[in-house]
Amino acid sequence: MRSIPVLVAGGGASGMVAAIEAAKLGANVTVIEKKNKPGKKILATGNGRCNFTNRNQEISCYHSSDDMLVQMVLQRFDYQKVIDYFWESGVMSKERDGYYYPLSGQAASVRAMLEREMDRYKVEVHCDETLQRIIPRKDLSGQNITGYEVQTDRDKYLVRKLILAVGGSAAPAQGTTGDGYRMLQELGVAIVPPLPALTSIELDDACCKLWSGVRIMGQVELWCEGSRLAEDIGEIQMVAKGISGIPVFQISRYAARALNQGIECSVTLDLCPLRKRDQVLTRLKDRRAYTQERRGAAVLLGMFPDKLCSLLLERAGISLKKQGGDWTDEDCERLAAQIKGLHFTISRCRGYEQAQICTGGVPLTELDHTTMESRRVPGLYLTGELIDVDSVTGGYNLQVAWSTGYLAGISVY
């Protein structure tokens, strides 16, 4: 059994930063990573461009059981410090509408920089090694934890301080399979049940097969038990089983949580969010004057994609054979109602395979928010997606990774 002062389990974004910062202070640090290289999940962020933080740091961008503690964690290593940290380590940045990317436009630049810094500070990295079990070791009284026996599929380690940065359950292809949650529960750490977030939503309607491939600017509203729970606006992607795209991702964490509690949920799509209903109605009535003998989707030519036109007409009870010139005021009113409020029941949110992140994890109240150390299990530090903080898209989840990893790293030595 090898004796190691500081072990970082997980070589993702937060784990790499934690290892670097601990090593900077003089700690002898070892990282174990189940994939063949550290930081592989970073390559998938921002469509390969790595949107690593965001200038807009409104607390509404983050979701947690304790907003005040989230703010306190993020302020200790905020977005400007992240930008400066990257710059000083060789990664210059560029900004677009508050979104920050590496100047190279490549996520690989960020991963390469973190690997270089680990090498610079003599961090020992073991790849293709999977954490399996954490066993606390106690003093002669049996009351106080003095370290941990950490078992992997390749070795055993006697560890004084352990930083757990193994990620959540989202994107299992990148190695995050939720094992950390199980190990934490075995240690007696409380956990908010994790669920998929930033994922697509499946709808209980056969019509979805008809609109697959359509993309349209619109607003998505999530309704649960008669109350509007969340909404977002942006490009909606229609897929064979439901809806996807950034606005759908933004509301998915609320839908996943409600559905998990057995609450029936639905979505309403506004396909013309920049116009009021009476403006849409006026436009539809005007179309009767010059569509005349056109039928079906042709009447709405230029307003919506053909696949969507047919669905809207069907939902409004207008025959596809009916000429536009024969549409009644009632026809136009029903159609306007559908355009401004296409309603569907949600069957489920897509699972971890498609989700970008998880919602849930260890509440910040379980941790010392200045160090990320567990209040229940001394010498154990948590980072990244294991913690009950998730956020909207735009670099915010990586900001959480940098902040929590940094705080854990500077606190273990």
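## A buried arginine

Arg257 lies in helix α7, which spans residues 246–260. The model is predicted. Arg257 is buried yet has no salt bridge. The nearest side chain of opposite charge belongs to Asp388, 5.5 Å away. A salt bridge needs nitrogen and oxygen within 4 Å.

The side chain of Arg257 does reach the backbone oxygen of Thr359, at 3.3 Å. Leaving aside residues up to four places away in sequence, Arg257 touches Val192, Pro193, Leu195, Thr359 and Gly360.

## Salt bridges

The structure holds 21 salt bridges. One of them joins Glu124 and Arg2, with N to O at 3.4 Å. Glu124 lies in strand β7 and Arg2 in strand β1, so the pair ties together parts 122 residues apart in sequence. Glu124 is partly exposed, at 31% relative accessible area. Arg2 is partly exposed too, at 33%.

Glu385 forms a salt bridge with Lys41, their closest N and O atoms 3.7 Å apart. This pair links two loops: Glu385 sits between β21 and β22, Lys41 between β2 and β3, 344 residues apart. Glu385 is buried, at 17%, whereas Lys41 is partly exposed, at 26%.

Arg215 and Glu235 meet in a salt bridge at 3.0 Å, N to O. Arg215 is in strand β13 and Glu235 in strand β14, 20 residues apart. Elsewhere, salt bridges that share partners join Glu202, Arg348 and Arg350 into one network.

## Cysteines without disulfides

The whole structure has zero disulfides. The sulfur of Cys349 is 7.8 Å from its closest cysteine sulfur, in Cys265, so the two are too far apart for a bond. For Cys358, the closest cysteine sulfur is in Cys349, 13 Å away, also too far for a bond. Cys349 is buried at 11% relative accessibility, and Cys358 is buried at 2%.

Conventions:
Residues numbered from 1 in each chain as written. Predicted model: local features only at pLDDT ≥ 70, side-chain atom pairs only at ≥ 80, totals over all residues. Heavy atoms only, no water. Helix = DSSP H or I, 4+ residues; strand = E, 2+ residues; numbered from the N terminus. Buried < 20%, exposed > 50% of the residue type's maximum accessible area, 1.4 Å probe, protein only. Lys, Arg positive; Asp, Glu negative; His and termini not counted. Polar contact = N/O pair within 3.5 Å; in protein donor to acceptor, adjacent residues only side chain to side chain. Contact = heavy atoms within 4.5 Å. Disulfide = S-S within 2.5 Å.
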